[in-house]
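Let's look at this protein together, one question at a time. Have the sequence and the model in view as you read.

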Amino acid sequence: MIGAAAPVEGAAPETDIVQAFQLERDAVRGRMVRLGPLLDDVLARHAYPPVIEQLLAEVLTATVLLASLLKYDGVFTLQVKGDGPVSVVVADVTTDGVVRGYAGFDRDRLPTGANATPRELIGQGYLAFTVDQGEDTERYQGIVELEGAEVADWMLHYFAQSEQLGTHLKVAARRARDGAWRGGGLLLQRLPEDDPLRKQSAAVELEDAWVRAKLLLDTTAEVELIDRSLAPNDLLFRLFHEEAVRVWPPTLVTRGCRCSSDRVVRVLKTLSPDELGELRDETGAVTATCEFCSTVYRFDEEEQQRLKVTAED
Ligand SMILES: [Zn+2]
């Protein structure tokens, strides 16, 4: 069921949503993402410095935005790696809308002050998207060098480099005065020529419409992307009411992790005696912590025997 975007009364509910929309006259599809509790939940599981929280919040928002464009049955992962103080940022989204993420960084190399750009934190590096649709069938969607200062710049460079359709987007995340995190993103993408929803308009008209839609997106202030008092429908109506914007019902995303004792045991069984030794404490117990959710898995010596994770010394 779809309907025309129109203003609604009252503040937007505090939820984590993806909103699909379409600019009917322009052969352009859109996605809007609003995240709140989800970001709080992910970040509360870590004790990251503010610059890292900011970076991860933006990457999580961008990941949900990009995943919402794809049809897949499995896990969509976005990974950024570089030679800067932050060596890695990972976020993933399952088909069911379950989201998680973490960052790996060198605390001693982090810049002082809170004004470092994402690029200054990551340094020289690359962005990779993968879609994993089952065991042992990881498929790389794309990999591109980092270009530009902001997370949205990296995404735009990816779309410009790949043979994808014309795409424009904005991403923002901020910690509000009440301490809660808010993330927001908007993405526009031209429909493929064979898309049934695409109107049969002249190419030049479609080109003009695409340029106009991109300009409208550019007028969006960062605060509009994340402002809880501005409902997604209201923002879409404000921006695109002359483009005959139509909206689909929003879908929910939630935080969650797929780690489990069984998965940790499987990983431990692949480790060498030396690697396993490094995880062993003075009591002989092996401890492993999930990077995504910080759940600690501890196996004492007896359990290691039972699970056969004790490496041959
Ligand atoms: Zn976990």
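Q: How much area is buried between domain 1 and domain 2?
A: This is a predicted model, where local features need pLDDT of at least 70, side-chain atom pairs count only at pLDDT 80 or more, and totals for chains, interfaces and linings use all residues. Residues are numbered from 1 along each chain as its sequence is written, and side-chain values use heavy atoms, leaving out hydrogens and water. Buried area is the accessible area (1.4 Å probe) that two parts lose on being put together, summed over both. Carbon and sulfur atoms give 57% of the area buried here, and the total is about 590 Å².

Q: Which residues of domain 1 lose the most area to domain 2?
A: Three residues together account for 68% of what the domain 1 side buries. They are Arg45, Arg100 and Tyr102.

Q: How many residue pairs are in polar contact across the interface of domain 1 and domain 2?
A: A polar contact is a pair of N or O atoms within 3.5 Å; within protein, one must be able to donate a hydrogen and the other to accept it, and residues adjacent in sequence count only if both atoms are side-chain atoms. With both residues at pLDDT 80 or more, the number of pairs found is three.

Q: Which strand gives the largest share of the side of domain 1 that touches domain 2?
A: Strands are DSSP runs (E, at least two residues) and helices are too (H or I, at least four), numbered from the N terminus. Both β5 (86–94) and β6 (98–105) supply at least two residues of that side. The largest share, three residues, comes from β6.

Q: Why do Phe129 and Tyr158 tie together parts that are apart in sequence?
A: Phe129 lies in strand β7 (residues 125–132), while Tyr158 lies in helix α4 (residues 151–161). The pair therefore ties together parts whose separation in sequence is 29 residues.
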